[in-house]
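Dear colleague,

Please find below the structure that I am handing over to you.

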Amino acid sequence: MKIIASLLTLLVFGLGFEPSVAVPPPADLVFTNGNIYTVSDKQPHAEAVAVKGDRIVFVGSNSAAKKFEGPNTRIIDLHGATTVPGMTDAHQHLEGVGFREMTLNLEGITNLQDFLSKVKARVDQARPGEWVTGRGWIETFWTPPIFPTRWDLDKVAPNNPVILGRSDGHGSVANSAALKIAGITKDTPSPFGGEISKDKNGEPNGMLLDAAQGLVRRHVPPTSPADDERAVVLGVQRDISLGWTQVQNPGGSYEDIEIYRKLYSAFPKCFPRRADKLIGS
């Protein structure tokens, strides 16, 4: 038996049999000619990436990526563009981002005058008495860095209640019409966990911090289920446009989860895969 086994071993190696090399299935998408940052010390940079379904199946050179190209593979030339792994936001109120896009986005403003100009443009589109809401301003980056007041807003919104959230969500500014609806006067005490900011004469100046925002926001008309779904879609689209591929939503509700499930089941109808647009090619 030992002799037979030895002869078989010699026969196999003598005939020069070689182990077969598995050919990977074609990828759905291959990015080439990129400056790809991998976040791996062993291979910090690469030229190409291959994607199959929702998985990255290859990262490496252009030449090695060829084996993942098939007749139906979509190939995108990055033309040297830098590509990084998708970013994760560990604290993002997804619906809030979407509603900001639906109402009034106040990001990027650098002074009070521009802030008021943008608010006025939105007020001009509203019906008399209609609530005007928005979010995204932050006086830290204004010149000068001053908080807006109810009296500032009154100049551009005398007939519409207005409440506008600071970018961090911990403060809002409301105009006199909104404070009146909420019944906030100089005699109104600050609620637990919040503050009604007041001037030196004790008059509310329009700034509401943390829990005090709820005194006004409870009077803003509720959103519809369709609005809630649209806010999630717009929030996701905004995130994707900035390179976010994952967010952690603090303070979400069971209703939010049901919306996510519904939209996910409709994917990709709600979130079309348009990699070419995302990278600007």
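A residue is called buried when its relative accessible area is under 20%, exposed when that area is over 50%, and partly exposed in between. Please keep in mind that this is a predicted model.

With these cut-offs, Tyr-37 counts as partly exposed, because its relative accessibility is 41%. Tyr-37 belongs to strand β2, which covers residues 35-37. Together with Val-39, Val-84 and Met-87, Tyr-37 makes a nonpolar surface patch of about 370 Å².

Next, the sheet. Four strands form an open sheet with mixed pairing, and their order is β5-β4-β1-β6. Its edge strands, β5 (55-60) and β6 (74-77), each pair on one side only. From one strand to the next, the twist averages 15°. Strand β4, residues 48-52, pairs with β5 in the antiparallel sense over 5 bridges. Val-51, for instance, has Ile-56 in β5 as its bridge partner.

I turn now to the charged side chains. How many salt bridges does a search of the whole structure find? The search finds 11.

One of them joins Lys-52 to Asp-28, with the closest N and O atoms 3.8 Å apart. Lys-52 lies in strand β4 and Asp-28 in the loop between α1 (2-14) and β1 (29-32), so this pair ties together parts that are 24 residues apart in sequence. Lys-52 has a relative accessible area of 36% and is therefore partly exposed. Asp-28, at 39%, is likewise partly exposed.

Another salt bridge is formed by Glu-229 and Lys-262, whose closest N and O atoms are 2.8 Å apart. This pair links distant parts of the chain: Glu-229 is in helix α8 (residues 225-241) and Lys-262 is in helix α9 (residues 254-265), 33 residues apart. Lys-262 is partly exposed, with a relative accessible area of 47%.

The side chains of Arg-100 and Glu-107 also meet in a salt bridge, at 3.2 Å from N to O. Is Arg-100 buried or exposed? Its relative accessibility is 11%, so Arg-100 counts as buried. Glu-107, in contrast, is partly exposed, with a relative accessible area of 34%. Both residues belong to a network of salt bridges that links Arg-100, Glu-101, Glu-107 and Arg-238.

Yours sincerely,

A colleague

Note on methods: Residues are numbered from 1 along each chain as its sequence is written. This is a predicted model: local features need pLDDT of at least 70, side-chain atom pairs count only at pLDDT 80 or more; totals for chains, interfaces and linings use all residues. Side-chain values use heavy atoms; hydrogens and water are left out. Patches are made of residues with over 30% relative accessible area and no salt bridge: like charges are joined within 9 Å, nonpolar side chains (Val, Leu, Ile, Met, Phe, Trp, Tyr) within 5 Å. Accessible areas come from the Shrake-Rupley method with a 1.4 Å probe; for residues, only the protein chains shown count as cover. A salt bridge is a side-chain nitrogen of Lys or Arg within 4 Å of a carboxyl oxygen of Asp or Glu. Helices (H or I, at least four residues) and strands (E, at least two) are DSSP runs, numbered from the N terminus. Buried means under 20% relative accessible area, exposed over 50%, partly exposed in between (1.4 Å probe, protein chains only). Two strands pair if DSSP finds at least two bridges between them. Axes are lines fitted to C-alpha atoms, for helices over the stretch in contact, and angles run from 0 to 180 degrees between N-to-C directions.
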